[in-house]
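Please look through the sequence and the model shown here.

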Amino acid sequence: MQKEKKNTKLVTPEIVCSYPNLAEPADEQYGGKFALSIPLPKDNKDEVEALYEVSRNAAENKWGPKAREQVGKSIKVFVQDCDELEKYEDDPVYKGCLKFSAKSDRRPRLVDPNLKDVALEDVEDFFYPGAIIRASFTAYGTETGGSKVIAFGLNNVMFVRDGERIGGGSKPEE
């Protein structure tokens with residue numbers, strides 16, 4: 001009898017859209033995938049715990065029940081504490097946050113607040129750095145360079161509302 005798989009899917013709370021590669025995959029030097037950097041406030045204890053719970057579930061699904069206790073030890077989780085990284089020390093988006101990237105070989109489903117698909121030609125009008133979004137992703141176990149790791153696959157991204165653009169620029173109507 002096949003054992004039931006543990007849940008590895010999670011939907012973020014409202015977050016700031018950061019480093020989106022959603023209309024086209026990133027350059028090959030960045031993996032050639034569709035991707036999104038996800039800042040998760042550390043003071044949101046429930047969401048942080050949910051992130052690590054789906055990571056432990058992914059480890060158990062891939063390597064068995066004993067792998068749960070190895071997450072964060074011998075099984076690396078690709079999550080960074082931005083307060084410990086010099087490159088984010090002056091970045092208000094990442095202050096007080098954990099950060100991880102969710103990636104996909106295929107374009108994630110992109111929707112507006114009414115769950116209507118966003119047309120490809122409109123993606124950058126909705127999913128710009130600074131927009132407020134929600135994203136769904138799946139944690140999964142894999143091996144790279146001889147190490148066991150937990151990574152995150154990007155599923156869907158929902159535009160919630162406009163936010164302050166990061167890195168300058170403006171919408172054409174502004």
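Helices (H or I, at least four residues) and strands (E, at least two) are DSSP runs, numbered from the N terminus. The model is a predicted one, in which local features need pLDDT of at least 70 and side-chain atom pairs count only at pLDDT 80 or more, while totals for chains, interfaces and linings use all residues. Residues are numbered from 1 along each chain as its sequence is written, and side-chain values use heavy atoms, with hydrogens and water left out.

The interior comes first. A nonpolar core is a set of buried Ala, Val, Leu, Ile, Met, Phe, Trp, Tyr and Cys residues joined through side-chain atoms within 4.5 Å. Buried stands for under 20% relative accessible area, exposed for over 50%, and partly exposed for values in between (1.4 Å probe, protein chains only). The largest nonpolar core has 36 residues, and Phe127, Phe152 and Val157 touch the most other members. At least two residues of this core come from each of strand 4 (34–41), helix 1 (45–63), strand 7 (97–104), strand 9 (132–144) and strand 10 (147–161).

Next comes a pocket. On a 1 Å grid over the protein atoms alone, a pocket is an open set of points where a 1.4 Å probe fits, with protein on both sides within 12 Å along at least five of seven lines, whereas in a cavity the probe cannot get out; lining residues have an atom within 4 Å of a point. Grid points are joined across faces, edges and corners, and a volume is the space filled by probe spheres set on the points. The second largest pocket has a volume of about 210 Å³. It is lined by 13 residues, of which Pro20, Leu22, Ala23, Glu124 and Phe127 are the closest to its centre. Strand 3 (18–21) and helix 2 (123–126) are the elements that give two or more residues to this lining, and helix 2 gives the most, with 3 residues. By class, the lining has 8 nonpolar, 1 polar and 4 charged residues. In this count Ala, Val, Leu, Ile, Met, Phe, Trp, Tyr, Cys and Pro are nonpolar, Asp, Glu, Lys and Arg are charged, and the others, Gly among them, are polar.

Leu22, one of the residues closest to the pocket centre, is found in the loop between strand 3 and strand 4. Leu22 counts as buried because its relative accessible area is 3%. A contact means heavy atoms within 4.5 Å. Leaving aside neighbours within four places in sequence, Leu22 is in contact with Phe34, Ala35, Arg107, Pro108, Leu110, Val123, Phe127, Leu154 and Val157. Leu22 and Arg134 are 112 residues apart along the chain, and their C-alpha atoms are separated by 14 Å.

Thr12 is placed in the loop between strand 1 (9–11) and strand 2 (15–16). Its relative accessibility is 3%, so Thr12 counts as buried.

Two residues have positive phi values without being glycine. Tyr19, in strand 3, has a phi near 50 degrees. Leu115, in the loop between strand 8 (109–111) and helix 2, has a phi of about 65 degrees. Tyr19 counts as exposed because its relative accessible area is 53%, and Leu115 is exposed as well, with 54%.

Asp81 is in strand 6 (residues 80–81), and its side chain makes a polar contact of 2.9 Å with the side chain of Lys42.

Asp162 is in the segment after strand 10. The side chains of Asp162 and Tyr128 are joined by a polar contact of 2.8 Å. Asp162 has 44% relative accessibility and therefore counts as partly exposed. Lys148 lies in strand 10 and counts as partly exposed because its relative accessibility is 35%. Leaving aside neighbours within four places in sequence, Lys148 is in contact with Trp63, Ser74, Ile75, Lys76, Thr142 and Glu143.

Notes
A polar contact is a pair of N or O atoms within 3.5 Å; within protein, one must be able to donate a hydrogen and the other to accept it, and residues adjacent in sequence count only if both atoms are side-chain atoms.
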